[in-house]
Amino acid sequence: MMEKIQHSEVEVKGLKLHVAEIGTGSKAVLFLHGFPEIWYTWRHQMIAVANAGYRAIAFDFRGYGLSQQPAEPEKETMYDLVHEIVGLLDALGITKAFLVGKDFGAIPGHLTTAVHPERVAGIISLGIPFMLPGPSAVEGHLLLPKGFYITRWREPGRAEADFGRFPVKSVIRNIYTLFSRSEIPIAADDQEIMDLFDPSTPLPPWLSEEDLATYASLYEKSGFRYALQVPYRSINVDAGLSDVKVSVPSLLIVGEKDYVFKFPGMEDYIRSGAVKNFVPDLEITYIPEGSHFVHEQIPEKVNQLIIEFLDKQTV
């Protein structure tokens, strides 16, 4: 089925975006990737929802993979991706879509849903619950050691020097392997994040060398400049939004072995139901063995949850 996925360039806000799609259904599902992912991370879900009668679309965010870089990446924030999501729907002639966001991709997904509810039929997020960018988004990071990977990557030049010691393929391999564990990646004072990787560690069983080569080829094209800015170095930029609610039907899929679940306050925010103050119509599903990459690790289960949710909604 992979060969049936169609690829095109779509111009949005003056930038050419790489767009992959499959399926001809009248209801569209737009997938939003995280890091170190790219459109390809959604390959299992795209095929499944297309087979279930939906139009599946995944794209490389601006500055990622085969999509064009903006002129000044260091000025970009998560809000540029909100405009990009709406602009892509416009360019594809889609009035209303379902959004599926993973990792940081869930953040512009939720923002788009809150600011443009008329464009979103429902939203599914994997791993990351509703959260607003701004100073509060990094408050919890201060409770972790200063070697916490996001704190390190927010420091200008540090990740560039760390990653620059290795080929792009090794960087992707290292991050995928480290992030698939249940421990939060934290370096010692005399270490960089890449030093946490043990070269004898095999790839996760659900990620093939071919998959790795695909990711590497896309990041070799884009590099990591934009990825370090959005999300990491712009996560603290305030939206200027108040009383934000996501009113559409929502599903949060949580892998209980996802290291993000161990972020300070994260598990309590989700399990206590506090997240429903912002997303009232929220269903939460836990996958006990699920990792940070649960959609690639256990695609059949995630596909089933996504399709069951989509089939319950009306557009």
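Colleague: Which residues line the largest cavity?

Modeller: This is a predicted model, and in it the lining of the largest cavity consists of Gly127, Val254, Gly255, Asp258, Val260, Phe261, Met266 and Ile270. By type, the lining divides into five nonpolar residues, two polar and one charged. Strand E7 (250-255) and helix H10 (266-271) each supply at least two of the lining residues.

Colleague: What volume does the largest cavity have?

Modeller: About 30 Å³. A search of the whole structure finds one cavity of 30 Å³ or more.

Colleague: How do I read a strand? Take E4: which way do its side chains point?

Modeller: In a regular strand the side chains alternate between the two faces of the sheet. In E4, Arg55, Ile57 and Phe59 point one way, while Ala56 and Ala58 point the other way.

Colleague: Are the residues of E4 buried or exposed?

Modeller: Buried means under 20% relative accessible area. Five of the five residues of E4 (residues 55-59) are buried, so the strand is largely enclosed by the rest of the structure.

Colleague: Which strand pairs with E4 in the antiparallel sense?

Modeller: Strand E2 (residues 15-22) does, over four bridges. In that pairing, Val19 stands opposite Phe59. Strand E3 (residues 28-32) runs parallel to E4, and four bridges join them. There, Leu30 stands opposite Ile57. Between E3 and E4 the chain passes through helix H1 (residues 43-51), and this β-α-β crossover is right-handed.

Colleague: Now the backbone. Where are the cis peptide bonds?

Modeller: The general idea is that most residues other than glycine have a negative phi, and most peptide bonds are trans. Here a cis bond joins Phe35 and Pro36, with omega about 10°. Pro36 is in the loop between E3 and H1. The bond from Val230 to Pro231 is also cis, with omega near 25°. Pro231 is in the loop between helix H9 (225-229) and E7.

Colleague: What is the phi of Lys13, and what is the phi of Asp243?

Modeller: Lys13 has a positive phi of about 55°, although it is not a glycine. Lys13 is found in the loop between strand E1 (6-12) and E2. At 57% relative accessibility, Lys13 counts as exposed, because the cut-off for exposed is over 50%. Asp243 has a phi near 50°, also positive, and lies in the loop between H9 and E7. Its relative accessibility is 69%, so Asp243 counts as exposed.

Colleague: What does UniProt place at residues 28-263?

Modeller: The unreviewed UniProt entry gives the feature "domain: AB hydrolase-1" there. Over residues 28-263 the chain is 34% helix and 12% strand.

Notes
Residues numbered from 1 in each chain as written. Predicted model: local features only at pLDDT ≥ 70, side-chain atom pairs only at ≥ 80, totals over all residues. Heavy atoms only, no water. 1 Å grid on protein atoms, 1.4 Å probe; cavity = no way out; pocket = protein on both sides within 12 Å on 5 of 7 lines; lining within 4 Å. Points joined across faces, edges and corners; volume = space filled by probe spheres on them. Nonpolar A, V, L, I, M, F, W, Y, C, P; charged D, E, K, R; others polar. Buried < 20%, exposed > 50% of the residue type's maximum accessible area, 1.4 Å probe, protein only. Pairing = 2+ DSSP bridges. Right-handed = clockwise from strand over helix to strand, strands pointing away. UniProt positions renumbered as here; feature names shortened; annotations may be inferred.
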